[in-house]
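Trainee: Please pick one part of this structure and take me through it closely. I would like to know what lies around it and how that relates to the rest of the chain.

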Amino acid sequence: MKPAPFTYHAPGSVREVVDLLAEHGEDARILAGGQSLVPTMNFRLARPDHLVDINGVDELDYIEERDGRLRIGALARHAAFEMPVASGPLATLLPGIARHIAHLPIRTRGTFCGSIAHADPASEWCLAAVTLDADIVARSADGERVLPASGFIDGPLSTGLRADEIVVEVQLPVLSAGLRTGFAEFSRRAGDFALAMACATVALEDGRIAEARLGIGGAAETPTRVTEAEQALLGMAPDAEAAGLAARLASEAITPLEDIHGSAEYRRELAAAMARRALMAAFAS
Ligand SMILES: Cc1cc2nc3c(=O)[nH]c(=O)nc-3n(C[C@H](O)[C@H](O)[C@H](O)COP(=O)(O)OP(=O)(O)OC[C@H]3O[C@@H](n4cnc5c(N)ncnc54)[C@H](O)[C@@H]3O)c2cc1C
């Protein structure tokens, strides 16, 4: 399959990128790792008239920790996260998540920010961004906006990003040293998109859960923080009973997807199983 004809642009700076987006608007698409865009162009599901390739914009190629935030530039590739890139609990959580994303050749090209902009329901980084309260930094020719990840993804493959904006950076809060984290995913084969996954963080005080975050991804149209489950965990001992209760509440809170890969009930069961595993991993970390 070949894409429909398009005009290729290779800007060398963010300024040039946003000027091109301002000029071409809905007719332009950003090309980052190309791991989602190129297949959709080849199938002619996407037919941009202008392709704005950001791979030559060196100022977007960074991952750095500053002022309590892990700042992830638009050219940071998935594979970079397989090694620790942050201090504290993120040092183990992010590599544990990155290894679930597709296969190595895809991970060496695909980008963290591209995943956020693409907003696939089964994106591991979208789940992490929502669970960890990430901020999305979007820039246009008019300036910069900082958008909380929670409201940014508003549907499958749909975000609050405007056509004239680029995600220049995603910021994750650096987690405090005592925080425990866990991630679990189920896919039919290694490297496949997740049918369900869960991400959890837990803080303990005097042996009881004092703070909890639980996000479910892959099982519904968007990654979701399950506040009912988070609230139920507060004050409980970090054990199988707590994980089981939160997992049940989490699976009841989502509206599961139904497709050729599984029924809604199957996905609800999987979501519960992944929530339980992610929480048990967090309790044990
Ligand atoms: C076989 C296969 C398996 C895969 N498995 C997984 C998986 O398990 N989990 C997973 O999460 N992903 C998976 N992917 C997708 C992969 O992770 C992509 O890399 C990711 O979805 C998009 O990142 P990208 O940099 O390749 O973006 P691109 O493909 O270049 O772009 C995707 C979309 O995002 C837009 N975009 C990209 N960057 C920006 C930006 N900085 N600002 C604004 N818009 C932008 C583009 O215009 C386009 O609309 C898989 C892909 C393949 C081919």
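Mentor: Ile-136 is buried, with 25 other C-beta atoms within 10 Å. A residue is called buried if 20 or more other C-beta atoms lie within 10 Å of its own, exposed if 12 or fewer, and partly exposed in between, with C-beta atoms placed from the backbone. This is a predicted model, in which local features need pLDDT of at least 70 and side-chain atom pairs count only at pLDDT 80 or more, while totals for chains, interfaces and linings use all residues. Residue numbers start from 1 along each chain as its sequence is written.

Ile-136 sits in strand 6 (residues 135–140). Strands here are DSSP runs of E with at least two residues, helices are runs of H or I with at least four, and both are numbered from the N terminus. Setting aside neighbours within four places in sequence, Ile-136 is in contact with Ile-116, Leu-147, Ala-149, Phe-152, Val-167 and Val-170. Contact means that the two C-beta atoms, placed from the backbone, lie within 7 Å. Ile-72 is 64 residues away from Ile-136 along the chain, and their C-alpha atoms are 9.8 Å apart.

Beyond the residues up to four places away in sequence, Ala-278 touches Gly-182, Phe-183, Ala-184, Ala-198, Cys-199 and Ala-200.

Ala-119 lies in the loop between helix 5 and helix 6 (124–131). Its phi is near 60°, a positive value in a residue other than glycine. Ala-119 counts as buried because 22 C-beta neighbours are inside 10 Å. Asp-67 is in the loop between strand 4 (63–66) and strand 5 (69–73). Asp-67 also has a positive phi, about 50°, although it is not a glycine.
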